Amino acid sequence: MANLISPSFIGDLNENIEHSNGFLQVILGPRQVGKTTGILAFLKRSKRPYLYFTADDILSPSGSWIEAIWQKALLKDRNCILAIDEIQKVSDWSSTVKKLWDKQKRAKESQIQLILLGSSSLHLHEGLKESLTGRFQLIRAHHWDYVRSKKLAGLDVEKFIRFGGYPGSYELLDRPQKWADYLRDSIIETVIGKDILQVARVAKPALFRQAYKILMSYPAQDISYTKLLGQLQDRGNTDLIKHYIELYEGAFLLESIQKFSKKAVLSRASSPKLIPLCGALIDRDVFETRSGYGRAVESAVGACLIQNGFKVEYWREGGDEVDYITKHNGTLFAIEVKSGRQRSTKGMDVFRKLYPSAQAVYISESTLEAFLSDPKKYLTAMM
C-alpha cells in the first residue's frame, strides 16, 4: 500500500539531481516513512545505471566497505548513481566519503552521483559538519503528513491526529493491538536500539526507555526539566533529561521548541515545549480524555509547522500563553489552536499588545483540515 504514493522527499531529490552542480545528496529522516522504498523507486525510474547498498545488512561496516562499493560503482559505470542507506552505521564514514568525493572532483574522469540516507541526525550532522562542509545538499524526509495519509489510506483528520505518521501501520488500524505492537516492536524499539543506543553513549538504557514514555505523555506542553526528571525512577540532574531529549530529537521522534523572546538568553533558559513529530508516537493514555485529545491536536499543528520548515516557538508570561509563534513571508504570526480544551483567550490579547504587528491566527475544528493540508497557504491567507 505504501508504494502507491511517493514520499515527500522524492520531489526534492529529483530537482536537486536535475540541477545539481556536483553535490552529493544526503537524505535524513525517521525510520519507516518510506526512505528506502522511495529511493529504490527513484533509482528504477532513473535513466542512469545505479547501485543500492544498506549498512543495515553489514556487521560492523567501516570505511573500507564504502571504498569497496565505490569501486563496484566505477566498474558498473563511471556515471553511476550510488545510494548508501543507513550510512550512520558505518564507522569513519564521513572521512571516507570526503576522500572519495574529493578524489573524483580532482580527477574529473568519473561522475558518480552519491546519495546517502540516514535515520540518526545527531550522528550524521557531526560527520557532515566535520568533513563534508560545502559538498552536500540536505533533504529532509518527514513522517507522512495528512494529505498523503488521506490519499494512501483514507485517514480523516481525527484518525490522522491519533494514528498518523507511519504508512506501514495504516493497514493495521482496524486491529488496535496489532497496530500498537507494530509501533512498539518495528519502530520505537528499533529506533531506540539501532539508531540511538548503538551510536550514542547512554549509561542506563532501561531508564532511557522509561523517559520515552514520559516525554510522549506531554504533547504540546511546556514542562520543566525538573518535573520531567522527577518522574524518572532514578536519581540524576537536569542535564540527564536534556541529554535524553536531544537523543530522541536526533532520532526524529520529537522536537522541543523554546519560548519566544527577543532576548536569546531567556529563550534558551526556558522550559521546552514537547512536540511529538506524529500522532502515532503520542502515548495512548493521552487520548483517553478530551483535554488530552486537545493537546494531541495542538501537537499535530506544531508538527505540521515544523515539517514544513517553519521555525516554531511558543509564548508564555505567567498564566498567559500563545500556542505557537512563527514567521512567514516577513510577518510574525501568533497561532492559537482551539482544540476543545477549556482555556482563557487572554494570552493572545496580551501578546498582541506587546507585539502589535503580530497577526493572530485561530485554528479551530472547522479549519484544522485546511491548515494541515497546506499550512503555508493557510497563513498566507491570513495576511
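1. A friendly place to start is D174, which is exposed at 62% relative accessibility (buried is under 20% relative accessible area, exposed over 50%, partly exposed in between, with a 1.4 Å probe and protein chains only). The side chain of D174 meets that of R175 in a salt bridge at 3.8 Å, N to O, where a salt bridge is a side-chain nitrogen of Lys or Arg within 4 Å of a carboxyl oxygen of Asp or Glu. R175 itself is partly exposed, at 42%.

2. A word on the model before going on. It is a predicted one, in which local features need pLDDT of at least 70 and side-chain atom pairs count only at pLDDT 80 or more, while totals for chains, interfaces and linings use all residues. Residues are numbered from 1 along each chain as its sequence is written, and side-chain values use heavy atoms, with hydrogens and water left out.

3. Searching the whole structure gives 19 salt bridges. One of them joins K89 and D56 through their side chains, at 3.9 Å, N to O. This pair ties together distant parts of the chain, 33 residues apart: K89 lies in the loop between strand 3 (81-85) and helix 4 (93-107), and D56 in the loop between strand 2 (50-54) and helix 3 (63-76). Helices (H or I, at least four residues) and strands (E, at least two) are DSSP runs, numbered from the N terminus. K89 is buried, with a relative accessible area of 16%, whereas D56 is partly exposed at 30%.

4. Another salt bridge to look at is E317 with K259, at 3.5 Å, N to O. It too links distant parts of the chain, 58 residues apart: E317 sits in strand 9 (residues 313-317), and K259 in the loop between strand 7 (254-257) and helix 12 (264-269). E317 is partly exposed, at 40% relative accessibility. Elsewhere, salt bridges with shared partners join R31, D56, E86, K89 and D195 into one network.

5. Most residues other than glycine have a negative phi. E86 is in the loop between strand 3 and helix 4 and counts as buried, at 5% relative accessibility. Q32 also has a positive phi, near 60°; it belongs to the loop between strand 1 (24-28) and helix 2 (35-45) and is partly exposed, at 39%.

6. Now the helix packing. Helix 3 and helix 4 pack at about 30°, with their axes 8 Å apart; axes are lines fitted to C-alpha atoms, for helices over the stretch in contact, and angles run from 0 to 180 degrees between N-to-C directions. On the helix 3 side the contact (heavy atoms within 4.5 Å) is made by G63, I66, E67 and W70, and on the helix 4 side by residues including W93, V97 and W101.

7. Helix 8 (residues 176-196) and helix 9 (residues 205-215) pack at about 135°, their axes 12 Å apart. That makes helix 8 oblique to helix 9 (angles under 35 degrees count as roughly parallel, over 145 as roughly antiparallel, 65 to 115 as roughly perpendicular and the rest as oblique). I188, E189, I192, G193 and I196 of helix 8 meet F208, R209 and Y212 of helix 9.
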